[in-house]
Amino acid sequence: PKPPPRKYHAACSFGKFMYVYGGQTEDGESDELFVLDCSMWTWTQLGDVSGETPPKGYGFSLTCCKGALFLLGGKSEGRSIPSASVRILQD
């Protein structure tokens, strides 16, 4: 499914894929992780992530490195998440 409109989300690309995490939707803060296959223009919502489940939130930084997604910082329920808080979303 295509992700609902959002703002203040985190995104990064890796190969032919673009990943989008969190942000603010009309329903509030999100903890959804979507991937866009840029060669087919198809969206997939990814359900399970490895490690500790990230909080709902916005303003994160997301980066891809060696096949893993790293989520850093952000805000949840209006409170800042320490920038030292790094979560691996996929490996």
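Two strands pair if DSSP finds at least two bridges between them. Helices (H or I, at least four residues) and strands (E, at least two) are themselves DSSP runs, numbered from the N terminus. The structure is a predicted model, in which local features need pLDDT of at least 70 and side-chain atom pairs count only at pLDDT 80 or more, while totals for chains, interfaces and linings use all residues. Residues are numbered from 1 along each chain as its sequence is written, and side-chain values use heavy atoms, with hydrogens and water left out.

**Overall composition**

- The protein contains eleven strands and zero helices, and its pattern along the sequence reads β-β-β-β-β-β-β-β-β-β-β.
- The protein has 91 residues, of which 35% count as buried; buried means under 20% relative accessible area, exposed means over 50%, and partly exposed lies in between (1.4 Å probe, protein chains only).
- Among the contacts in the protein with a separation of 6 or more, 38% come from residues 24 or more positions apart, a contact being heavy atoms within 4.5 Å.
- The accessible surface of the protein is about 5600 Å², and 53% of it belongs to carbon and sulfur atoms; such areas come from the Shrake-Rupley method with a 1.4 Å probe, and for residues only the protein chains shown count as cover.

**The open sheet**

- Four strands form an open sheet in the order E1-E2-E5-E6, with antiparallel pairing.
- Five bridges join E1 to strand E2 (residues 17-21) in the antiparallel sense, and Ser13 stands opposite Met18 in E2.

- E7 pairs with strand E8 (residues 68-72) in the antiparallel sense, over five bridges.
- In E8, Leu69 is the bridge partner of Cys64, and Leu72 is that of Ser61.
- Two residues lie between the strands of this hairpin, where Lys66 takes a positive phi near 50 degrees.
- In a regular strand the side chains alternate between the two faces of the sheet.

**Cysteines**

- The whole structure holds one disulfide, a disulfide being a pair of cysteine sulfur atoms within 2.5 Å.
- Cys12 and Cys64 form the disulfide, with their sulfur atoms 2.4 Å apart.
- This pair links distant parts of the chain, 52 residues apart: Cys12 lies in strand E1 (residues 10-14) and Cys64 in strand E7.
- The link of Cys12 and Cys64 is right-handed, with 65 degrees about the S-S bond.
- Cys12 and Cys64 are both buried.
- Cys65 is in no disulfide, and the nearest cysteine sulfur, that of Cys64, is 8.9 Å away.
- Cys65 counts as partly exposed because its relative accessibility is 40%, and Cys38 counts as partly exposed at 32%.
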